[in-house]
Amino acid sequence: MALLQRVAERGRRVVRFVLDGRPVEALEGDTILTAMLTNGDRLRRSEFADTPRAGFCLMGACQDCWVRTEDGQRLRACGSFIEDGMRLVSEGEWQS
Amino acid sequence: MSAAPHTLLKPVIVGAGPAGIRAAEALVAAGLRPVVIDEAARWGGQIYRQPPEGGFVRPKSALYGFEAGKADAVHRAMATIRDRVDYRPRTLAWNCEERALDLLCDGATEVLPFSHLILATGATDRVLPFPGWTTPGVFTLGGSQVALKFQGCAVGRRVTFLGTGPLLYLVAYQYLKAGVEVAGVFDTAPFDAQARAAAGMLRDPATLAKGLCYVGWLRAHGVTIRNNVRPVRVEGGERVEALVWTQDGREERTPCDAVAFGLGLRSETQLADLAGCRFRFDAMDRAWLPERDPAGRSSVAGVYLAGDGSGIAGADAAEAAGERAALALLEDAGLAFAHERAATLDHKLARIAAFRRALSAAFPFPDDWAGAIADDTMVCRCEGVTAGALRAVATTGQAREINRAKALTRAGMGRCQGRMCGAATTELLARALGTGPDGVGRLRAQPPIKPLPVAAEPASGGSAS
């Protein structure tokens with residue numbers, strides 16, 4: 001279930017991407033963090049504690065929102081925007 | 001410093017918030033063309049952060065409330081000088097040495113030499129750990145505001161607000177206004193702190209009135225507000241289900257799906273450190289800050305400091321300090337500058353500093369918190385280091401200061417470089433060593449100050465070495 005709740009700015013163009021193999025939708029101008037957390041309740045599991053993480057500061061300081069793409073690229077979810085066709089992963093542990 | 005022709009000056013400003021923009025404006029007015037480096041895609045900083053371009057429709061009155069006029073003025077100031085500055089959005093300054101910055105933009109690195117540097121690097125929330133603070137649904141107060149302002153999202157359907165400082169009430173008010181259920185505002189400050197500080201806060205009646213308006217609005221809408229609160233734990237493993245808290249020894253449980261949390265702000269000082277600036281311990285901010293004179297000069301010639309990045313004073317002070325630092329730069333470069341304007345800004349900054357002292361008395365740092373953190377509570381989010389591990393290296397005599405504790409435990413060594421755990425680590429070590437937060441040393445910055453992608457290459461081609 002979604003962690004973030006949209007309360008405004010719902011009239012933007014729909015962006016389609018893939019989250020954990022499932023096709024989902026976000027809106028243009030969403031960060032990857034917003035796109036993932038309006039479709040789920042975590043960004044990844046911590047590589048040290050095996051606990052779910054969903055970001056914290058949302059302004060590029062805490063570095064707790066790094067996510068993976070299916071092909072292994074790492075992105076800071078609060079500072080990168082969602083794009084059509086992105087394939088993102090929130091399941092499974094990180095190999096660090 | 002001797003007079004130099006304008007063309008030989010290469011002033012660089014880091015940060016495009018209120019301080020950086022006002023600094024750029026003053027340099028442009030003097031005929032200079034500064035480089036303005038900013039991590040964000042659009043100017044405004046955190047406080048006046050603009051939504052992404054394309055499709056966002058809320059007016060500034062909805063985004064910034066009472067501060068809409070100021071936000072708009074700062075945004076317009078930058079728009080007006082846009083063609084006369086070398087503006088570099090989406091760019092991280094990740095190192096500073098030998099009068100040059102290392103930059104990263106869209107995966108490409110670049111070395112940017114400067115003759116003068118104005119650091120307007122801003123601040124983020126100061127936090128201390130409590131059980132469950134890494135649970136999805138716990139966000140900083142600033143982050144919760146970013147979600148709303150920048151993305152039109154709330155961090156939950158039923159949100160509790162925990163911590164202290166003006167942002168606690170502001171963000172709770174903004175959430176309530178946006179139609180989100182505010183499950184409670186839990187202030188760590190004692191009940192009478194704000195009342196006792198009221199006289200000092202009357203130095204700035206407009207700001208005091210805004211604060212009272214937020215509290216009044218929350219109360220009028222039936223929102224629970226409690227003082228002298230300490231968190232016990234966040235319940236829910238995979239996501240937030242409730243906040244358990246105590247007030248005067250009584251434990252209560254508030255069901256919620258999100259917690260917005262912060263204990264005032266902490267300065268982003270890493271670049272000043274790498275630039276070689278001398279630091280001093282500031283008792284009010286409980287932090288090591290780069291020294292600056294009233295005009296913003298650091299201990300390093302040609303390096304200037306403005307805004308919350310070198311001591312917390314808020315957005316109005318940042319605007320004044322940015323302009324003042326630019327005037328100091330002009331003076332030091334032997335160029336004409338407006339003496340009267342400089343004096344006006346000095347006076348304004350002194351007045352805001354007095355107000356800020358009252359504010360810090362109204363929202364005091366909870367200095368008993370760190371001592372009460374249980375040994376199994378995670379302090380370092382990046383590397384999963386517990387309070388017990390940190391206490392152990394102190395009590396066994398292995399670490400007498402924070403950098404040694406970092407080397408032994410890895411707290412502060414992870415991706416955030418201590419931005420989130422630095423305050424807690426300092427307070428924990430100080431308690432364990434029987435000293436104050438000024439007695440455990442200063443966590444030193446390391447380049448890169450934020451993680452770089454492994455594939456980053458020089459922008460001009462050539463080898464990456």
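This is a predicted model: local features need pLDDT of at least 70, side-chain atom pairs count only at pLDDT 80 or more; totals for chains, interfaces and linings use all residues.
Two strands count as paired here if DSSP finds at least two bridges between them.

Take Q5(A). Opposite Q5(A) stands A154(B), in strand 10 of chain B. The strand on the chain A side is strand 1, residues 5-6, and the two strands pair in the antiparallel sense over two bridges.

Now the rest of that interface. On the chain B side 41 residues are in contact with 35 residues of chain A. Which elements of chain B each supply at least two of the residues that touch chain A? They are strand 8 (123-125), strand 9 (138-140), helix 4 (141-151) and strand 10 (153-154). Helix 4 of chain B gives the most, with five residues. By residue class, the side of chain B that touches chain A divides into 17 nonpolar, 14 polar and 10 charged.

Next, chain A by itself. Chain A has one helix and eight strands, and read along the sequence the pattern is β-β-β-α-β-β-β-β-β. The radius of gyration of chain A is 12 Å, close to the 12 Å that the globule rule gives for 96 residues, so chain A is as compact as a globular protein of that length. Along the principal axes, the C-alpha trace of chain A spans about 40 × 25 × 20 Å. Of its 96 residues, 44% count as buried. Among contacts in chain A with a separation of 6 or more, 47% are between residues 24 or more positions apart.

On to chain B. Chain B is divided into domain 1 (7-124 + 266-359), domain 2 (127-263) and domain 3 (369-439). Between domain 2 and domain 3 of chain B, the C-alpha centres lie 26 Å apart. Seven residues of domain 2 of chain B are in contact with 11 residues of domain 3 of chain B. On the domain 2 side of that contact, five residues are nonpolar, one is polar and one is charged.

One residue of chain B to look at is V234(B), in strand 14 (residues 229-235). Is V234(B) buried or exposed? The cut-off for buried is 20 or more other C-beta atoms within 10 Å. V234(B) has 27 of them within that distance, so V234(B) is buried. Leaving aside neighbours within four places in sequence, the contacts of V234(B) include P131(B), G132(B), W133(B), T135(B) and V138(B), and also V240(B), L243(B) and V259(B). As for T254(B), 20 residues from V234(B) along the chain, the two C-alpha atoms are separated by 9.7 Å.

Last, strand 1 of chain B, residues 11-14. In a regular strand the side chains alternate between the two faces of the sheet. In strand 1 of chain B, P11(B) and I13(B) are on one side, V12(B) and V14(B) are on the other, and all are buried, so both faces are covered.

Which strands pair with strand 1 of chain B? Strand 7 (residues 116-119) of chain B pairs with strand 1 in the parallel sense over four bridges, with V14(B) opposite L119(B). Strand 2 (residues 35-37) of chain B also runs parallel to strand 1, joined by three bridges, and there V14(B) stands opposite I37(B). From strand 1 to strand 2 of chain B, the chain crosses through helix 1 (residues 18-29), and this β-α-β crossover is right-handed.

Key:
Residues are numbered from 1 along each chain as its sequence is written. Chains are lettered from A and ligands numbered from 1 in the order in which they are written. Domain bounds come from an automatic or database domain assignment. Two residues are in contact if their C-beta atoms, placed from the backbone, lie within 7 Å. Ala, Val, Leu, Ile, Met, Phe, Trp, Tyr, Cys and Pro count as nonpolar, Asp, Glu, Lys and Arg as charged, and the others, Gly among them, as polar. A residue is buried if 20 or more other C-beta atoms lie within 10 Å of its own, exposed if 12 or fewer, and partly exposed in between; C-beta atoms are placed from the backbone. The radius of gyration is taken over C-alpha atoms; the globule rule is 2.2 Å times the number of residues to the power 0.38. A crossover is right-handed if, with the strands pointing away from the viewer, the path from the first strand over the helix to the second runs clockwise.
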